[in-house]
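Visitor: I would like to go through this model with you and ask what stands behind each of the terms used for it.

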Amino acid sequence: MAKWWEKFSRSQLLVPLSALLLLVVYNLFRDIGFFSIILATNNDGNAVLQGNLISILDGASELAILAIGMTLVTASSRGQDISVGAVAAVAGSVFVRVLRANEITLPIILFAFLAACAVAMLCGVFNGTLVSVFKIQPMIATLILFSAGRSIAYWINGGATPTVDGPLINYIGKLIPGIPIPSPILIVILLGVLVSLVLRFTNLGLYTQAVGINEKSAHLNGINPVWIKLISFMVIGVCAAIAGAIGVCKIGLINHEKILLDIEMDAILAVAIGGNALGGGKFSLKGSVMGAYVIQALTTTLYSIKVPSTSVKAYKAIVIIAIVVLGSPMIKEALMQFRDKRMKPAIDKLFRKTSDVVESQ
Amino acid sequence: MTSNLDTRGRVPAEKHKEPISNTNLLLTITICTFFGMYALAMLVWGGGFLNPQQFLDIFNNNAFLIVISCGLTVVMIAGGIDISVGGVTALVTMASVVHLNGGNGSVLGSLGLALGIGLAFGLIQGLLVSYLEVQPFIVTLAGMFFARGMITIISNDPKTASQETFLALKAFRIQIPVIGYYGKAGNFIPASIEPGVIVAIVVVLAIFFVLGWTRFGRNLYAVGGNKQSALMLGINVKRTKFFSYLLCGLLAGIGGFVYLLHTGAGDAANATASEMQAIASAIIGGTLLTGGVGNVVGTLFGVLSLMTINNIVRASGLRDPWWQSITTGLMLCFFILLQSMVLSAREKRGSFQIPGWMTFASRRIHHES
């Protein structure tokens with residue numbers, strides 16, 4: 001027990017898990033109905049799971065996907081990509097443009113998605129080249145696409161907010177008949193498994209961390225930092241394309257100004273809440289994805305206590321500050337000292353006592 | 001800022017001119033670009049660009065941006081970043097309007113409120129960043145969220161100030177003698193500037209003085225250039241960083257008041273994306289985000305260049321608003337690449353060496369060094 005506690009209190013997942021636990025406990029006391037999940041039928045007569053938990057999982061899909069990419073970029077380049085929202089808008093526009101030019105069938109959707117991926121990867125290569133070859137800080141390099149991206153998205157569709165419609169689009173954005181879980185959740189699971197398999201069976205994760213921790217020594221050990229950074233920016237491009245496509249499919253149209261607005265900030269936040277250092281190096285994808293769900297759970301909780309959607313930001317800010325202050329080096333050190341000096345003897349004493357009791361019996 | 005020693009560590013001979021510093025080199029490029037661009041616009045498009053009022057309108061419309069960009073320059077020189085400035089600006093406009101429209105609001109009171117809000121944001125963010133060592137990006141991101149959220153908590157709808165003293169101040173124009181233009185009827189209309197411009201210019205001069213001639217200013221460059229060696233030189237790194245954020249917050253407050261003087265309305269959509277414009281202006285003006293390099297005069301020219309290129313885009317017939325953000329992006333890209341190439345070329349070849357294609361701009365210095 002004591003060992004488990006020690007391991008957990010040093011773990012990266014401490015912050016997101018405790019934040020999630022806090023939210024759960026708060027909601028338990030506030031309204032236990034918050035957690036209810038019901039199986040209902042929607043307008044088309046398909047079975048669908050409904051409830052706050054499902055809407056949290058569904059709503060955080062895009063964020064979770066982008067958080068995966070953002071974690072890799074943060075780890076390798078020691079900075080953040082603030083253009084993800086704009087790139088997702090560009091990719092979504094390409095997706096819609098291709099779909100509207102053709103009849104919507106499965107191969108066409110696949111083709112449109114590949115086209116969106118290609119464009120988003122191109123954006124990633126642009127950002128990645130600036131960062132890795134020209135040695136520009138990631139935040140500044142991605143500022144270019146951040147300011148121009150949504151305008152490019154506008155230009156792709158000739159300035160309109162076109163709609164796409166069709167059962168196949170609904171399958172991706174809402175749900176597939178027969179499976180009561182919303183499709184975006186399935187896509188996140190699929191992508192999560194895929195990425196963790198890639199990291200498990202290749203050296204990409206190791207190399208990414210090596211480059212993030214010390215670029216020079218990684219280079220001396222035969223890793224090419226330029227490639228690693230480029231790859232991480234390409235991965236975040238693909239993530240942005242997936243997020244953009246889901247965003248389009250969810251509402252069936254693209255609004256270049258509104259789609260995934262401010263999501264870059266949330267994605268960075270998810271990485272930070274996940275216990276990852278924003279200064280690069282070691283990373284945990286689990287933490288980031290959990291961070292994304294914490295953010296969405298917080299937003300849903302705030303909505304359910306009738307906070308207007310425009311003011312959610314202010315409350316979110318307070319929570320962010322609380323989390324980062326708790327995770328700051330100074331406070332962490334103080335807490336560690338407190339743990340080692342006060343709590344450890346207490347816990348040890350507690351366990352010794354119980355074991356003594358057991359022995360004496 | 002750069003040492004007098006050349007690459008081999010020798011003290012240069014008497015006639016050896018001190019190599020131009022990074023700050024001044026980037027500043028020179030920016031100023032040349034601005035004047036070149038404006039001269040080109042005058043030649044090609046003429047019309048509005050020859051009208052002094054249109055030039056002064058760049059100042060009139062962007063006085064707040066100049067003020068907050070100055071704050072950002074200070075923070076960036078010290079190696080930090082503050083993306084809450086736009087949110088603080090908007091929050092100040094809303095709070096001041098609510099105060100002015102309330103029963104006994106006064107202009108002085110709203111100015112005090114503006115400064116107070118700015119200082120409060122600077123204080124908290126500065127404490128968190130410098131003493132608790134939290135990532136500046138995250139802290140100021142939270143600051144931005146908080147400010148933007150607070151605006152809608154105060155009022156969800158845009159509000160227009162209706163207090164009389166304030167409206168008189170807002171309508172006040174300073175006419176510039178001699179300079180002016182001829183109206184359609186052939187009458188001479190003197191060019192005029194708004195009071196906010198005076199504030200902006202005073203701020204630029206004050207920050208210029210602070211950066212160049214005070215201990216705090218020197219400390220900022222030292223801390224941004226190399227935190228470790230600044231610490232070893234006995235500079236209080238934490239306090240310097242803290243004051244940079246405090247100053248930036250204060251300037252964001254002033255910027256909010258200047259914004260209000262220009263538009264007279266509080267709105268959640270005020271100053272949207274202005275933090276990014278301010279960062280872009282500082283970068284175009286030659287400030288490096290890595291810290292240690294930068295100049296507030298460059299930032300001023302950064303704002304002017306950014307706005308001039310927008311005017312040029314509009315004058316050349318591309319009136320859709322989305323062209324402006326694309327050109328802003330392109331311009332940012334150009335300057336970022338330019339900085340990167342200039343600095344890496346200098347790093348490689350020692351003291352003052354610039355790529356061959358750039359020798360035209362500074363041939364004189366090149367030959368002397």
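This is a predicted model: local features need pLDDT of at least 70, side-chain atom pairs count only at pLDDT 80 or more; totals for chains, interfaces and linings use all residues.

Visitor: What makes chain A and chain B count as being in contact?

Guide: Contact requires heavy atoms within 4.5 Å, and 39 residues of chain A are in contact with 37 residues of chain B. Between them the two chains bury about 3500 Å², with 83% of that area on carbon and sulfur atoms.

Visitor: Which elements supply the side of chain A that touches chain B?

Guide: Those giving two or more residues are helices H6, H7, H13, H15 and H16 of chain A, and the largest share, 11 residues, comes from H7(A). By residue class, that side of chain A divides into 29 nonpolar, seven polar and three charged residues.

Visitor: How many salt bridges are counted between chain A and chain B?

Guide: The count is zero, whereas five residue pairs, both members at pLDDT 80 or more, are found in polar contact across the interface.

Visitor: How do you know what span helix H14 of chain A should have, and what do its end C-alpha atoms show?

Guide: The helix runs over residues 285–304, and at 1.5 Å a residue its 20 residues should span 28 Å; the end C-alpha atoms are 29 Å apart, which therefore agrees.

Visitor: Why is H14(A) called mostly covered?

Guide: A residue is buried when its relative accessible area is under 20%, and 16 of the 20 residues of H14(A) are buried. Just after H14(A), A:Lys306 takes a positive phi of about 65°.

Notes. Residues are numbered from 1 along each chain as its sequence is written. Chains are lettered from A and ligands numbered from 1 in the order in which they are written. Side-chain values use heavy atoms; hydrogens and water are left out. Buried area is the accessible area (1.4 Å probe) that two parts lose on being put together, summed over both. A salt bridge is a side-chain nitrogen of Lys or Arg within 4 Å of a carboxyl oxygen of Asp or Glu. A polar contact is a pair of N or O atoms within 3.5 Å; within protein, one must be able to donate a hydrogen and the other to accept it, and residues adjacent in sequence count only if both atoms are side-chain atoms. Helices (H or I, at least four residues) and strands (E, at least two) are DSSP runs, numbered from the N terminus. Ala, Val, Leu, Ile, Met, Phe, Trp, Tyr, Cys and Pro count as nonpolar, Asp, Glu, Lys and Arg as charged, and the others, Gly among them, as polar. The expected span of a helix is 1.5 Å times one less than its number of residues. Buried means under 20% relative accessible area, exposed over 50%, partly exposed in between (1.4 Å probe, protein chains only).
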